[in-house]
Structures are given as C-alpha cells and as structure tokens.
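Subject: Structure for you to look at

Hi,

Here is the structure I promised to pass on. Please open it next to this email and follow along.

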Amino acid sequence: MALHQICKISDIGEGQCKTFTVDSKQIAVYNAGGQWCATENTCLHKGGSLGSGKLEGNIITCPLHGWQYDVTSGQCQNNPEAKVGTYKVQVEGDQVSLEI
Ligand code: FES
C-alpha cells in the first residue's frame, strides 16, 4: 500500500469529481460535500467513466446510461450484484492523496 499525492483540495470543489491514473489504474475521486471518496473509474455496465459523471450527495451517476453508485461503498444502486472497488483518500492540509 502506497500513498500517492494526486491533487490539491481546490482542484475538486464540493459536489465535483475527477479521474486520475495512478499505477496504471483509472480512479475516480469525489468531493461529496466535503467528504472525500474514491472508486474504480470504470462503470460495471459498459465501461463508462464514473469520474465524468454527475455527483449528487453520495451518488455518482454514470454519464453513459445512468447507473448509479454510492461513492462511499462502491455499491451500485441499480444492480445489487455490482460493486466497484473503493480506495482510501487522505487529506492533509491542502494535499489530497490516494492509498493504493
Ligand atoms: S456504462 Fe455506465 S450505465 Fe452504462
């Protein structure tokens, strides 16, 4: 497990998200009302980019066909069998880092 510095807190405003590539993994990072979360970026339906989706509260909506995931757990709201992996986000001062 390593800590990867990815951005400053000012880079992702509240209610926004962004995709980063770390260790050749695509990871979506969310600022859900000041709570920082991260999941695998790839939607389990047909590969949409969750980091390009719309974040409302804790729920990210895939931009392709609208599957929704809870960003705190990775659980898909449309399909109980589908769950994306989650990562720990660490915020220290203005630095946001991912544990991978
Ligand atoms: S690819 Fe995400 S809902 Fe279809």
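Below is what was found in it, topic by topic.

**Ground rules**

This is a predicted model: local features need pLDDT of at least 70, side-chain atom pairs count only at pLDDT 80 or more, and totals for chains, interfaces and linings use all residues. Residues are numbered from 1 along each chain as its sequence is written, and side-chain values use heavy atoms, with hydrogens and water left out.

**The sheet**

Start with the strands. A strand here is a DSSP run of E with at least two residues, numbered from the N terminus. Two strands pair if DSSP finds at least two bridges between them.

Six strands make an open sheet. Their order is β1-β9-β8-β4-β3-β2, and the pairing is antiparallel. The edges are β1 (3-8) and β2 (16-22). Each has a single partner strand, so one side of each is left without a neighbour in the sheet. From one strand to the next, the twist averages 30 degrees. (Axes are lines fitted to C-alpha atoms, and angles run from 0 to 180 degrees between N-to-C directions.)

Now walk through some of the pairs:

- β3 (residues 25-32) and β4 (residues 35-40) run antiparallel, joined by six bridges. A32 stands opposite Q35 in β4.
- β4 and β8 (residues 86-92) are also antiparallel, with two bridges. Here A38 stands opposite Y87 in β8.
- β8 and β9 (residues 95-99) pair in the antiparallel sense over five bridges. K88 has E99 in β9 as its bridge partner.

As you trace a strand, keep one rule in mind. In a regular strand the side chains alternate between the two faces of the sheet.

**Positive phi angles**

Most residues other than glycine have a negative phi.

How accessible are they? Buried means under 20% relative accessible area, exposed over 50%, and partly exposed in between (1.4 Å probe, protein chains only). D23 is partly exposed at 48%. S24 is exposed at 73%.

G93 also has a positive phi, near 65 degrees. Find G93 in the hairpin of β8 and β9, which has two residues between the strands.

Two terms first. A polar contact is a pair of N or O atoms within 3.5 Å; within protein, one must be able to donate a hydrogen and the other to accept it, and residues adjacent in sequence count only if both atoms are side-chain atoms. Plain contact means heavy atoms within 4.5 Å.

N31 lies in β3. It is buried, at 5% relative accessibility. What does the side chain of N31 reach at 3.0 Å? The backbone oxygen of I12. A polar atom of the N31 side chain also lies 2.8 Å from the backbone nitrogen of G34. Beyond four places in sequence, the contacts of N31 include G13, W36 and L55.

T61 is in β6 (residues 59-61). It counts as buried, at 17%. Its side chain makes a polar contact with the side chain of Q68, at 2.9 Å. Leaving aside residues up to four places away, T61 touches G53, K54, G66, W67 and Q68.

**One salt bridge**

How many salt bridges does a search of the whole structure find? One. (A salt bridge is a side-chain nitrogen of Lys or Arg within 4 Å of a carboxyl oxygen of Asp or Glu.) E56 forms it with K54, and the closest N and O atoms are 3.9 Å apart. E56 is partly exposed at 47%. K54 is exposed at 54%.

**The cores**

A nonpolar core is a set of buried Ala, Val, Leu, Ile, Met, Phe, Trp, Tyr and Cys residues joined through side-chain atoms within 4.5 Å. The largest has 16 residues. Y30, L50, I60, Y69 and V71 have the most contacts inside it. β3 gives the most to this core, with three residues. A second, separate core has 14 residues, including C7, I27, Y87 and V96.

Beyond four places in sequence, its contacts include C17, Y30, L50, Y69 and V71.

Best wishes

Definitions and conventions. Helix = DSSP H or I, 4+ residues; strand = E, 2+ residues; numbered from the N terminus.
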